[in-house]
Amino acid sequence: MIDISGFEQISPYVRMVRLKKEASLSGKWKDIDNVFTYIAAGSADFILDGFRYSLHTGNAIIIPPYMTHVIVSNGTESLIQYIVHFDFYESEERKRLLHKDVLDEDERHLTVSSQENILGNQAVIAEIPEADRNRMIFCYLNLLREFFEDRSGKNMILKAGCMELLITTLRNCVGLKGGQENNRRKTKSWIHIENAVEYILGSDLTEDLGNERIAEAVGVSTNYLTSIFQTYLGVSLHKYVLNVRIERAQQMMLSGKVNVTEAANLTGFSSIHVFSKTFKNILGISPSQFLDDIVTKDQGHIV
């Protein structure tokens, strides 16, 4: 638990509320605002500026603005995240900022006021007790509904709901992660990891994305890259690429614009058989089952 007395004067501004349900997830982000995430189901590794933390159902995390983070889901259960993008203080200047990922923007322009840096460039991780989880879920779902509706008093409800989520998280904090101490401890290895992830996510998935090709693009040896990738992310480089391919295929099928065969071709699989086998190995269900069990049954504001 940490002292929450310093948070008594905050007046949160909620910029975005999202519920994300994904059978698998591999990605890298940097946001303009504070990001609250509650793991409602599943588990994932959150890598914050090069340091890995394994989160599971019942964990909550608050990531400060402009902190680079990689998320890699693990296990067979779908990862469900309750997400709120917010500022601690409402200001007319920052209200004009649109919700977006700023991973590829010039870092010289990525500044945050001291007022918004209330966490001191540290991420908060909490273990929400069983007794508080139902209340947190109810609070979040009410926040989600209010965000997408236009009703009187909406702004006050959003502030109150965000405050309740933050207080519950801060009361149950199990540690602060990141900050200047960790930044000093970072090694050059993480830079190579970041470059590899950026190269993979920016590539045409129909092209060769073997370990040697990625290592050459990053400028290091294949053995070195595969070793540090496994050490930092807890997953092999090859499996990470497969996860990215399968995640991209899911997004394509979710769009309704491509069928299973087209998704397989567009994500670089040699055949529909290889695609289906890989899909089932990673997600535990076939692509057709995914379409039947996930796509047709998802409801609400899931993005």
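1. Gly27 is buried, at a relative accessible area of 4% (buried means under 20%, exposed over 50%, partly exposed in between, with a 1.4 Å probe and protein chains only). Gly27 sits in strand β2, residues 26-29. Helices (H or I, at least four residues) and strands (E, at least two) are DSSP runs, numbered from the N terminus. Leaving aside residues up to four places away in sequence, Gly27 touches His69, Val70, Ile71, Leu201 and Tyr240; contact means heavy atoms within 4.5 Å.

2. Some ground rules. This is a predicted model, in which local features need pLDDT of at least 70 and side-chain atom pairs count only at pLDDT 80 or more, while totals for chains, interfaces and linings use all residues. Residues are numbered from 1 along each chain as its sequence is written, and side-chain values use heavy atoms, with hydrogens and water left out.

3. Tyr240 also takes part in an aromatic pair, with Phe229. The pair is edge-to-face, at 5.3 Å centre to centre and 65° between the planes. Rings of Phe, Tyr and Trp (its six-membered ring) pair if their centres lie within 6.5 Å; planes under 30 degrees apart count as stacked, over 60 as edge-to-face and the rest as tilted. Phe229 belongs to helix α7 and Tyr240 to helix α8 (residues 237-255), so the pair ties together parts that are eleven residues apart in sequence. Phe229 is buried at 0% relative accessibility. Tyr240 is buried too, with a relative accessible area of 0%.

4. The count of aromatic pairs comes to seven. Ring pairs also link Tyr38, Tyr82 and Tyr140 into a cluster.

5. Helix α5 (residues 188-201) and helix α7 (residues 222-233) pack at about 95°, with axes 10 Å apart. Axes are lines fitted to C-alpha atoms, for helices over the stretch in contact, and angles run from 0 to 180 degrees between N-to-C directions. The two helices are therefore roughly perpendicular (angles under 35 degrees count as roughly parallel, over 145 as roughly antiparallel, 65 to 115 as roughly perpendicular and the rest as oblique). Ala, Val, Leu, Ile, Met, Phe, Trp, Tyr, Cys and Pro count as nonpolar, Asp, Glu, Lys and Arg as charged, and the others, Gly among them, as polar.

6. Helix α8 packs on helix α10 (residues 272-283) as well: their axes come within 10 Å and cross at roughly 100°. α8 and α10 are therefore roughly perpendicular. Leu242, Asn243, Ile246, Ala249, Gln250 and Met253 of α8 meet Phe275, Thr278, Phe279, Ile282 and Leu283 of α10. The classes here are eight nonpolar, three polar and no charged residues.

7. Check Glu247, also in helix α8. Glu247 is buried, with a relative accessible area of 10%. Beyond residues up to four places away in sequence, Glu247 touches Glu22, Ser24, Leu25 and Ser26. Glu247 and Ser24 are 223 residues apart in sequence, yet 6.3 Å apart in space, C-alpha to C-alpha.

8. Helices α2 (residues 130-147) and α3 (residues 154-171) have axes that come within 9 Å and cross at roughly 155°. α2 and α3 are therefore roughly antiparallel. Their contact includes Met136, Cys139, Tyr140 and Leu143 of α2 and Ile157, Leu158, Gly161 and Leu165 of α3, among others. Its residues divide into nine nonpolar, four polar and five charged.

9. Two backbone points. Tyr66 has a positive phi of about 65° although it is not a glycine. Tyr66 lies in the loop between β6 (59-63) and β7 (69-74), and Tyr66 is buried at a relative accessible area of 18%. Asn121, also not a glycine, has a positive phi of about 55°. Asn121 is in the loop between α1 (92-95) and β9 (122-127).
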